[in-house]
Amino acid sequence: MATKMKEVDVVIVGLGWTGGILAKELTEAGLKVVALERGGMRSTANDYSVPQVRDELRYVQRHDLMQNTAKDTLTIRNNPSQEALPMRRLGSFLPGEAVGGAGVHWSGHTWRWTDMEFKVRSLYEQRYGKNYIPADMTIQDWGITYAELEPYYDKFEYMAGVSGKAGNIRGRIQSGGNPFEAPRARDYPLPPLTTVLASHMFSEAAKNHGYHPFPRPSANASRAYTNPDGARFGACQYCGFCARFGCEANAKGSPHITVIPIAMRNPNFELRTHAWVTKVLKDASGKRVTGVSYTNVLNGEEFEQPAAIVLLCAYAINNVHLMLLSDIGQPYDPVSQQGVIGKNYCYQTGAGANLFFEGRNFNPFISAGGTNVSIDDFNLNWDFDRGNHGFVGGYTIGSGFNSALPIGYRPVPRGTPSWGKEWKAATAKWYQTAMNIGSSGSVMANRYNYYDLDPTYRNAFGQPLMRMTFDYTENENKMGRHAAEMVNDIAKSMNPTTFTPASVRTSWSVVPYQSTHNTGGTIMGTNPRNSAVNKYLQSWDCHNLFLIGANVFVHNASYNPTGPVGALAYWTADAIRNRYLKNPGPLVPA
Amino acid sequence: MKNDVFDRRTFLKGAVAGSAAAVIGALPQPVPAQQDAPAPAQQDVPAPTQQGAPAPAQSPTSATYAYLNLAEQAFVEALVDHMVPADALSPKGTDIGINIYIDHALAGGWGKGERLYMQGPWKPGVPNQGYQLPLTPAELYRAGIAAANAFCVKTYGKSFDKIAESQREEFLLGLQAGKVTFENGPPARVFFTTMYQTVMEGMFSDPIYGGNRNKAGWKIIGFPGVIAVHYQNVEKFRDKKYIADTLSIADVS
């Protein structure tokens, strides 16, 4: 029998970025908070120190900081007519585990998503007419505005130590920044990182095309920094071991060096690691949740943790999975298009070119998450007329190195043998003389891209695995072709010795790593018929349940998701502190 | 060569602390693979003279195997010496420990499928669904080598380690291109993908794992290794060759 614990004000499931932010904010509001994290405790000093952290085999190839698919994974397929099979090992995306979550091993790219996303349907209908949006493209307005989120983006950027250059401060375009960005109240807390040769060369080529290159904003501290909460950052050392690794310099904005230690110093907070939540519990009415069930994975003991408020702060996929396992809300059905839980799963797309320059020295191992340069001319630039190309959405193009570690990164021109003396010679010749230009594209929601529970396969707790049904649609293919063309155009103009052109990704495979930007499944919206949560990320079904993460995104943008994930966490914390506690109940009338 | 031998012994000392290697160490020494299977590399590759000394009279590598049996050792040695031949850029695969890396990877957690979801039912699926075999990497390697050798015997009259250099090349290219198929064995291309991945890992992972001995893989490409404090170097070395000592985890531990 499960041991019933003493009731607390708030239980948080998962202690990464969102759980950490909510833990800090709500303990400061005087609430008793318990966080349940299925992984263990990790700290910079103990776990991410040099030289052990500089191990590509362990952290990149063997996924040391990631979820263990032997215990829990998903089943995957490209369309509803296929039989879904388990993702038996990680590949396409890499959910994190343990204290800090994916906030430890991200590369820090921090963007502000704008009304271009939040008002997607209105904007496209207004400009191109209702028929422009394909019938099976289930995009909708998010029910939130950029203006509402702006102060929370700001808060997240200052907390996480984001380095960048503003392009638009209160409507005034700033030289050197992204001229297409939405207005911000003030500049980033830190200046951009120093760009590397690849970024510099790309930047020149982009300018020659009339585009508007700018340094990619990233939570890699360009100099030593103390954030408004007093957390101290070291300066980024451009070590080249960024994504997939913890940062030994505490230069990468991460929850385990910022919000989590503050929460842990607060007597209102308790962290239980190795606590795997299996279910959110409801009362008899089904209109309130009463807490969660969890298992101590160190000894198999089962517990029930009652709480007045439940916050799902696990990885986006796991938040949706818990909702389906707990039978809260109506599961989405792609045939009838009824139900909301599992709806609008989205991913990202991309295309990249490798450019080879005899005689140049890119030093690809001198790099960081934030040494890149991007252009937004095909993304936030609404003057870019999608109507000529027939797609919805946009893409960024960028260059620079995040990491170029040798097991995974050894570019050689097409036609090079895969082994032998000729391969060795080419590998030696091009490792330091190649660069790449990549695009990252949005994915619009589609009726047939969704999550539900798998009928066959189970996890270590005997629960059904989540089933992911996803593929790119013609919309992404049109955009991807355009992106590849623009990338190749820029690449050619740089006169490389030789180059491998970008090409469109037409079908999703689970095998190669692509992006850990899985969104949707419990989307936000204006009413319970089209969404799982309201604009405060509060469940329409149970008002004391909040779902915080990219699982609430209605579609996926070209940008990385952590900026809005962090901003929404602060936004939700404020809504709970200032509104919900005074009058517990739905914050938006259904 | 002195350093090389020293490194191997150091490595062995470390490996004996691990349980699998300790058991092997306590057993009578197995016959070196070369005695019943002529070392394939002898056909066209001289001793690694670029290190300034001939190969040691007896190879110490056989004592360091923890998983592969004799036939498998011969296969892997032939494979890594074929894929990474000795030249001015580096010694050959066995001389930089890629075979040992592979053996230890298969003997360890990864080889035993520690993070692999291993529940059935088992269906082949489509390539987009990724790995779907009911085999751990170690089991796949074992089955794959047996099937590869069976294919080579049928096609060329001898096992992979005994066929000619050109036949090895033809076989590996066929495997990579999906032209070689195994009867009753694991899918040939899945085996190839795993095999190729492990060869590259053995060449470019940190030397603590037994491969990339003397950081030979890193030196080929100029990867400086684990110490990377480049705050000052971004501008200083922009478009300039960065030269520094190549350092591994053990060098600074």
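This is a predicted model: local features need pLDDT of at least 70, side-chain atom pairs count only at pLDDT 80 or more; totals for chains, interfaces and linings use all residues.
**Entry: chain B overall**

I began with the secondary structure of chain B. I counted 10 helices and 0 strands. Reading from the N terminus, I found the order α-α-α-α-α-α-α-α-α-α. I then looked up burial. Chain B has 253 residues, and 43% of them count as buried. For contacts in chain B with a separation of 6 or more, I noted that 65% join residues 24 or more positions apart.

**Entry: a helix pair in chain B**

I looked at how H4(B), residues 70-83, packs on H5(B), residues 98-107. The angle is about 130°, and the axes are 9 Å apart. That angle makes H4(B) oblique to H5(B). I recorded the crossing of H4(B) and H5(B) as right-handed. Next I listed the residues that make the contact. H4(B) supplies B:Val76, B:Glu77 and B:Val80. H5(B) supplies B:Ile98, B:Asn99 and B:Ile102. By type, the residues of this contact are 4 nonpolar, 1 polar and 1 charged.

**Entry: B:Thr136**

I moved on to the loop between H5 and helix H6 (137-156) of chain B, where B:Thr136 lies. B:Thr136 has 17 other C-beta atoms within 10 Å, so I logged B:Thr136 as partly exposed. I checked its distance to B:Gly113, 23 residues away along the chain. Their C-alpha atoms are separated by 4.8 Å. Not counting residues up to four places away in sequence, B:Thr136 touches B:Gly111, B:Lys112, B:Gly113 and B:Leu116.

**Entry: the largest nonpolar core**

I looked up the largest nonpolar core and found 232 residues in it. The members that touch the most other members are A:Ile12, A:Val13, A:Ala23, A:Leu311 and A:Val487. Helix H13 (residues 562-580) of chain A gives the largest share of this core, 9 residues. I followed up A:Val13. Leaving aside neighbours within four places in sequence, its contacts include A:Leu36, A:Val277 and A:Val292. A:Val13 also contacts A:Leu311, A:Leu312, A:Cys313, A:Ala314 and A:Leu322.

**Entry: helix H10 of chain A**

I checked burial along H10(A), residues 316-325. Of its 10 residues, 9 are buried, so the helix is largely enclosed by the rest of the structure. Among the buried residues I noted A:Asn318, A:Asn319 and A:His321, along with A:Leu322 and A:Met323. Just after H10(A), I found A:Asp327 with a positive phi of about 60°.

**Entry: A:Ala532**

I located A:Ala532 in the loop between strand S23 (519-521) and strand S24 (545-547) of chain A. A:Ala532 is buried, because 31 other C-beta atoms lie within 10 Å. I picked out A:Ile341, 191 residues apart from A:Ala532 along the chain. The two C-alpha atoms are separated by 6.3 Å. Leaving aside neighbours within four places in sequence, A:Ala532 is in contact with residues including A:Gly329, A:Val340, A:Thr522 and A:Trp540.

**Entry: where chains A and B meet**

Chain A puts in 58 residues and chain B 53. On the side of chain A that touches chain B, the elements giving two or more residues are helix H3 (56-61), strand S5 (85-86), helix H11 (420-430) and strand S20 (450-458). H11(A) gives the largest share of that side, 6 residues. I sorted the residues of the chain A side by type: 26 nonpolar, 20 polar and 12 charged.

How values were computed
Residues are numbered from 1 along each chain as its sequence is written. Chains are lettered from A and ligands numbered from 1 in the order in which they are written. Helices (H or I, at least four residues) and strands (E, at least two) are DSSP runs, numbered from the N terminus. A residue is buried if 20 or more other C-beta atoms lie within 10 Å of its own, exposed if 12 or fewer, and partly exposed in between; C-beta atoms are placed from the backbone. Two residues are in contact if their C-beta atoms, placed from the backbone, lie within 7 Å. A nonpolar core is a set of buried Ala, Val, Leu, Ile, Met, Phe, Trp, Tyr and Cys residues joined through C-beta atoms within 7 Å. Axes are lines fitted to C-alpha atoms, for helices over the stretch in contact, and angles run from 0 to 180 degrees between N-to-C directions. Angles under 35 degrees count as roughly parallel, over 145 as roughly antiparallel, 65 to 115 as roughly perpendicular and the rest as oblique. A crossing is left-handed if the near helix is turned anticlockwise from the far one by less than a right angle, and right-handed if clockwise. Ala, Val, Leu, Ile, Met, Phe, Trp, Tyr, Cys and Pro count as nonpolar, Asp, Glu, Lys and Arg as charged, and the others, Gly among them, as polar.
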